[in-house]
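Please look over the sequence and the model, then go through the points by topic.

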Amino acid sequence: MTTLDALTDVAGVRVGHATRIGDGWLTGTTVVLAPEGGAVAAVDVRGGGPGTKETDALDPRNLVSKVEAIVLTGGSAYGLDAASGVMAWLEEQGRGVRVGEDPAHVVPVVPAACVFDLGRGGDFSARPDAATGRAAVEAAAASPAGARVTEGCVGAGTGAAVGPMKGGVGSASIVLDSGITVAALVVANAAGSVTEPETGVLYGELFQGRVNYPEAHVHEAARSRIAESAAKNGRPPLNTTLAVVATDADLSKAQAQKLAGTAHDGIARAVRPVHLLHDGDTVFTLATGARPLDTEHPLALNEILAAGADVVTRAIVNAVRAAESVVTAGGVWPSYEELYGGGDWGRGRGAGTAGPDCPGSVT
C-alpha cells in the first residue's frame with residue numbers, strides 16, 4: 001500500500017495551514033478536518049501549563065461523541081481565537097452537533113490547543129485570530145483527499161522552536177498488518193532538547209535505530225552556533241508539543257482517550273524533558289471508524305496504542321528535519337539541517353518551503 005507517511009493517509013482526514021511571516025509576524029494555525037459527519041475524538045493533556053479549548057467535551061463521560069475539526073495554533077492563549085473562525089465555517093456547512101429540528105441548527109465543537117510563539121517574529125501582538133483559523137480550515141477543505149501534508153515552518157509550526165533550534169510541523173503514518181492506518185501530525189515547540197548532547201543525534205532517531213553519527217567537528221561547530229543563538233534570544237522559550245493522532249479504526253471515546261495517552265510516550269522518546277509544569281503538551285486523537293477492531297481478540301487495541309507512540313516520535317523527527325532557519329527581530333533559530341546537514345543519515349524529506357528565512361504562504 002502506497003502512503004505519504006502523513007496524517008492524510010487516514011482516509012477522509014485533511015490538513016490545512018494558514019501561515020503569517022514578515023512585518024513582525026512569525027506564527028500561524030493548522031486545522032485537522034475530519035471526514036464530514038465527524039470522527040470520534042479524545043484528548044490527553046500531560047503538560048502543567050496547557051492552553052486549550054473544548055477539551056472537556058472530549059471526556060468519555062460527556063455528551064459529544066464526534067468532532068468535525070481540531071485546531072492547533074500559535075499565539076499562546078490569544079491564538080485560541082482561531083477556533084472561532086473554524087467554528088463559523090463549520091456552521092455555514094451545517095457541520096456540528098445538532099441542537100434542533102432545523103438541519104442548520106448546529107453547534108460545532110472545535111477542540112483547540114496552542115503553542116507559545118509570542119514575539120518570535122518581532123511583534124508580540126502579531127498572533128492568529130478567527131480569520132487565520134478560517135483560512136486554515138478553508139485550505140483543508142480545498143485540499144484533495146490524501147494530499148501531502150506540508151511540513152516545517154508552516155501553520156502552527158511557523159514560529160515553533162525546539163530549545164534554541166527551529167521547530168515546526170511534522171507528520172508520519174504506518175499501516176498495520178491488520179490494514180488499520182495510524183498516523184500523527186505534531187507541532188514541535190519544546191524547551192526540552194531533541195538532541196543527544198554528546199553527539200547531536202536526534203533522540204527520536206536513536207529510538208528508531210537508524211542513526212549515522214555526525215562527525216565530531218560538525219557537532220562542536222553546531223554546539224557553538226547554538227550557544228551564540230541562545231545568547232541572542234535571551235530567555236529560554238516556553239514550550240509545548242502538540243499532536244493529533246488519527247486512525248481509521250473503529251474506536252470508542254474511551255479507547256481513543258487511551259490512544260491519546262500512550263501517544264505521549266512518543267513525545268517522551270523524542271524530547272527531554274517533557275510534561276513539566278510550564279509545558280502544555282497535548283495529544284488529540286481522531287478515529288474515523290472505517291475499519292473494525294477484531295472483537296475476538298480483546299487486546300487488539302494494543303497494536304494501535306503502540307503505533308500511536310511510534311508515529312508521534314517519527315513525526316517529531318520529521319518536524320525538526322523539515323524546519324528551516326529563521327532570523328527575525330525577535331530572535332535567531334538555526335535549523336537542525338543547517339547545523340548538522342542531512343547527508344546519508346538525514347531523511348531529506350523536505351517541508352515544501354525553501355530559503356534561510358523560512359518563507360511560506362502568507363494567508
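Which helix gives the most to the lining of the second largest pocket? That helix is α4 (residues 216–233), which contributes three residues. The model is a predicted one. The points below start with this pocket, then turn to strands, a helix, loops and cysteines.

**The second largest pocket**
- The volume of the second largest pocket is about 210 Å³.
- Its lining is made up of 15 residues. Pro164, Met165, Ser193, Thr195 and Ile226 are the ones that lie nearest the centre of this pocket.

**Strand β2 and its partners**
- Strand β2 spans residues 25–33, and nine of its nine residues are buried.
- Strand β1 (residues 14–22) runs antiparallel to β2, and nine bridges join them. In this pairing, Arg14 stands opposite Leu33 of β2.
- Two residues lie between the strands in the hairpin of β1 and β2. Asp23, in that hairpin, takes a positive phi near 55°.
- β2 also pairs with strand β6 (residues 69–73), again in the antiparallel sense, over five bridges. Here Thr30 stands opposite Leu72 in β6.

**Helix α5**
- Helix α5 covers residues 253–270, which makes 18 residues. From its first C-alpha to its last it reaches 27 Å, close to the 26 Å expected at 1.5 Å a residue.
- The buried residues of α5 include Lys253, Ala256, Leu259, Ala260 and Ala263. Gly266, Ile267 and Ala270 are also among them.
- An α-helix has 3.6 residues a turn, so residues three or four places apart point the same way.
- The elements that cover the buried residues of α5 include the strands β3 (39–45), β14 (240–249) and β15 (282–291). The helices α3 (203–208) and α6 (301–322) are also among the covering elements.

**The loop between α5 and β15**
- Pro273 has its place in the loop between α5 and β15. The peptide bond from Arg272 to Pro273 is cis, with omega near -5°.
- His275 is placed in the loop between α5 and β15 as well. Its phi is near 60°, a positive value in a residue other than glycine.
- His275 counts as partly exposed because its relative accessibility is 24%.

**The loop between β6 and α1**
- Ser76 is found in the loop between β6 and α1 (82–92). Although Ser76 is not a glycine, it has a positive phi of about 50°.
- With 19% relative accessibility, Ser76 counts as buried, because the cut-off for buried is under 20%.

**Thr55 in the loop between β4 and β5**
- Thr55 lies in the loop between β4 (52–53) and β5 (66–67), and it is buried, with a relative accessible area of 16%.
- Leaving aside residues up to four places away in sequence, Thr55 touches Val43 and Phe284.
- Thr55 and Lys166 are 111 residues apart along the chain, and their C-alpha atoms are separated by 28 Å.

**Cysteines**
- How many disulfides does a search of the whole structure find? The search finds zero.
- Cys114 is in no disulfide, and the nearest cysteine sulfur, that of Cys153, is 19 Å away.
- Cys114 is buried, with a relative accessible area of 6%.

Methods:
Residues numbered from 1 in each chain as written. Predicted model: local features only at pLDDT ≥ 70, side-chain atom pairs only at ≥ 80, totals over all residues. Heavy atoms only, no water. Buried < 20%, exposed > 50% of the residue type's maximum accessible area, 1.4 Å probe, protein only. Helix = DSSP H or I, 4+ residues; strand = E, 2+ residues; numbered from the N terminus. Pairing = 2+ DSSP bridges. Expected span 1.5 Å × (residues − 1). Contact = heavy atoms within 4.5 Å. Disulfide = S-S within 2.5 Å. 1 Å grid on protein atoms, 1.4 Å probe; cavity = no way out; pocket = protein on both sides within 12 Å on 5 of 7 lines; lining within 4 Å. Points joined across faces, edges and corners; volume = space filled by probe spheres on them.
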